[in-house]
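Welcome! Please take a moment to look over the sequence and the 3D structure before reading on.

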Amino acid sequence: MARRRISTDLGRLSDEDLLALVREGDSAAFEVMYDRHSRVAYSLAFRLVGDRSAAEDLVQDAFLAVWRGSRGYAPGLGSVRNWVLSIVHHRGVDRLRTASAMNRRQEALEQVARVDPVAPDAADEAADRVLAGTVRAELGELPNDQQRVLRLAYFGGFTHHEIAEMLDLPLGTVKSRMRLGLDRLRRGLAGPEFLAS
């Protein structure tokens, strides 16, 4: 009975007041927020991804972000509901982009597999091995932070946003490290003739 009374009392609070309690770790306030906004969040998620299970996962992920990042809400930028829906929208778009990129990679691999390979020329194979070794060596000369983002992007196939989340870094930092690393790789691979120009 006491639990129902607490939920009823919390239900009378505004979204902003509930979010203030969520910031303090109040799980009952979080439940009220979830009950208040989950249906509209699910509706948006389903329209974005078109799959019931994926939409449920997206809503769960978004509300987990609300729980962990409740301090990220700025009252001057809109209502709590709009903030929650923007989290659902942004995460949904990121998932769609990731799925699209994975599909493009898979299609490219399937196309390559369908093409009958011509017997490789020994000179081409040797040149490819030398180039691959040179790229590996130049990559190994980069600072660890630049190496890490480049490996995740080019060998792991992750987007800038995914790398930023994985490494818990600001998106701008990831992009800067990638740009600096690529510039150093270009200079290293171009050799002395690049430096002379």
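This is a predicted model: local features need pLDDT of at least 70, side-chain atom pairs count only at pLDDT 80 or more; totals for chains, interfaces and linings use all residues.

In soluble globular proteins, nonpolar side chains tend to be buried together. Here, the largest nonpolar core has 26 residues, and Leu19, Met33, Val66, Trp83 and Val88 have the most contacts inside it. At least two residues of this core come from each of helix H2 (15-23), helix H3 (27-49), helix H4 (52-68) and helix H5 (80-114). Helix H3 gives the largest share, with eight residues.

Leaving aside neighbours within four places in sequence, Val88 is in contact with Ala41, Leu44, Ala45, Leu48, Leu58 and Ala62.

## One face of helix H9

Next, follow helix H9, which runs over residues 171-190 and has 20 residues. From its first C-alpha to its last, helix H9 reaches 29 Å, close to the 28 Å expected at 1.5 Å a residue.

The buried residues of H9 are Val174, Met178, Gly181, Leu185 and Ala190. Seen down the axis of H9, these buried residues fall within an arc of 160°, so they line one face of the helix.

## Aromatic pairs between H3 and H4

Now turn to the aromatic rings, where the count comes to four aromatic pairs. Phe30 and Phe63 have ring centres 6.2 Å apart and planes at 75°; angles over 60 degrees count as edge-to-face, so this pair is edge-to-face. This pair links distant parts of the chain, with Phe30 in helix H3 and Phe63 in helix H4, 33 residues apart. Both partners count as buried because they are under the 20% cut-off: Phe30 has 17% relative accessibility and Phe63 has 3%.

Phe63 also forms an edge-to-face aromatic pair with Tyr34, at 4.8 Å centre to centre and 70° between the planes. Tyr34 lies in helix H3 and Phe63 in helix H4, so this pair ties together parts that are 29 residues apart in sequence. Tyr34 counts as partly exposed, at 35% relative accessibility. Phe30, Tyr34, Phe63 and Trp67 form one aromatic cluster.

## Salt bridges

Side chains of opposite charge can pair when their charged atoms come close. How many salt bridges does the structure hold? There are six salt bridges. One of them joins Asp61 and Arg91, whose closest N and O atoms are 3.2 Å apart. The two residues sit in distant parts of the chain, Asp61 in helix H4 and Arg91 in helix H5, 30 residues apart. Asp61 is partly exposed, with a relative accessible area of 23%, and Arg91 is partly exposed too, with 24%. Asp61 and Arg91 are also linked with Arg95 in a network of salt bridges.

Asp183 and Arg186 are three residues apart in helix H9, about one turn of the helix. Asp183 is partly exposed, with a relative accessible area of 29%. Another salt bridge joins Arg12 and Asp9, with 3.4 Å between the closest N and O atoms. Is Arg12 buried or exposed? Arg12 counts as exposed, at 65% relative accessibility, whereas Asp9 counts as partly exposed, at 34%.

Notes: Residues are numbered from 1 along each chain as its sequence is written. Side-chain values use heavy atoms; hydrogens and water are left out. A nonpolar core is a set of buried Ala, Val, Leu, Ile, Met, Phe, Trp, Tyr and Cys residues joined through side-chain atoms within 4.5 Å. Buried means under 20% relative accessible area, exposed over 50%, partly exposed in between (1.4 Å probe, protein chains only). Helices (H or I, at least four residues) and strands (E, at least two) are DSSP runs, numbered from the N terminus. Contact means heavy atoms within 4.5 Å. The expected span of a helix is 1.5 Å times one less than its number of residues. The arc is that of the directions from the helix axis to the C-beta atoms. Rings of Phe, Tyr and Trp (its six-membered ring) pair if their centres lie within 6.5 Å; planes under 30 degrees apart count as stacked, over 60 as edge-to-face and the rest as tilted. A salt bridge is a side-chain nitrogen of Lys or Arg within 4 Å of a carboxyl oxygen of Asp or Glu.
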